[in-house]
Amino acid sequence: MVYLIQIKQYVWTVGKKGRIKMMFSIKRFVDRMIGAPRGIEQYSYIPILMEALKDNPKNILEWGTGLSTSLMSLMCPNASIVAIEHNYKWFLYYNYKFRNNANVSVVYVPNIKNYSNYPLGLRGCFDLVFVDGMDRNKCLVVANAKLVVGGRIILHDVDRKEYLKGVGLFTVVRKCFNTVLLKSLVVK
Ligand SMILES: C[S@@+](CC[C@H](N)C(=O)[O-])C[C@H]1O[C@@H](n2cnc3c(N)ncnc32)[C@H](O)[C@@H]1O
């Protein structure tokens, strides 16, 4: 099992043999957020994701693989994680990266229509869904259909006006930077 620990401003991973590796500096992350240099906003979901992962979700779904997939598998090593990827290059990269993680399944879905609908063909529902890929309004509709009672959805880049429609399906639990934690409007 791999643990994530925080020592002062640094987040470290502690591996099986007690090997410690620095993952990122919270101070540097926040400094860069404040200065907002180009590109850093792609990781501004980290505070909300870390908070949601503390609830120890057992079944996680994600659209858009990346650092988020690594954080999920590190913090929730016993969770089953399905990560949907449309880009073949990134699919190959992350599929290889998680080749020894039986609980992480990276799926390649290049077709835009199948991309959002893919989870409808999966058995069971999810405790946590992270929407950070393509076609996010449609993904939010499908996420809502595949959410367990009390489940949560994270939407990144919520400040983009085109996502207002999708966000309207939910109650906003919390917002941090340009990411929201959502719950279903209807108590399922
Ligand atoms: C908004 S990014 C997804 C970000 C992902 N949730 C993360 O935490 O990095 C959307 C797409 O960018 C691509 N991608 C993933 N990692 C990337 C990286 N390090 N640099 C550039 N593009 C990346 C993938 O095709 C992914 O589906």
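In the predicted model, strand β7, helix α6 (residues 136–145) and strand β8 form a β-α-β unit that is right-handed. The strand that opens this description, β7, spans residues 126–131, and six of its six residues are buried, so that the strand is mostly covered.

Strand β7 takes part in two pairings. With strand β8 (residues 147–156), β7 runs parallel, and five bridges join the two. Within this pairing, Phe130 is found opposite Ile154 of β8. Strand β4 (residues 59–63) also pairs with β7 in the parallel sense, here over four bridges.

The residues around the ligand include Gly64, Thr65, Gly66, Leu67 and Ser68. By residue class, the shell around the ligand consists of seven polar, two charged and two nonpolar residues.

At the level of the whole chain, the domain assignment divides the protein into domain 1, covering residues 1–33, and domain 2, covering residues 37–184. The centres of domain 1 and domain 2, taken over C-alpha atoms, are separated by 22 Å.

Notes. Residues are numbered from 1 along each chain as its sequence is written. This is a predicted model: local features need pLDDT of at least 70, side-chain atom pairs count only at pLDDT 80 or more; totals for chains, interfaces and linings use all residues. Domain bounds come from an automatic or database domain assignment. A residue is buried if 20 or more other C-beta atoms lie within 10 Å of its own, exposed if 12 or fewer, and partly exposed in between; C-beta atoms are placed from the backbone. Two strands pair if DSSP finds at least two bridges between them. A crossover is right-handed if, with the strands pointing away from the viewer, the path from the first strand over the helix to the second runs clockwise. A residue is near a molecule or strand if its C-beta atom, placed from the backbone, lies within 6 Å of it. Ala, Val, Leu, Ile, Met, Phe, Trp, Tyr, Cys and Pro count as nonpolar, Asp, Glu, Lys and Arg as charged, and the others, Gly among them, as polar.
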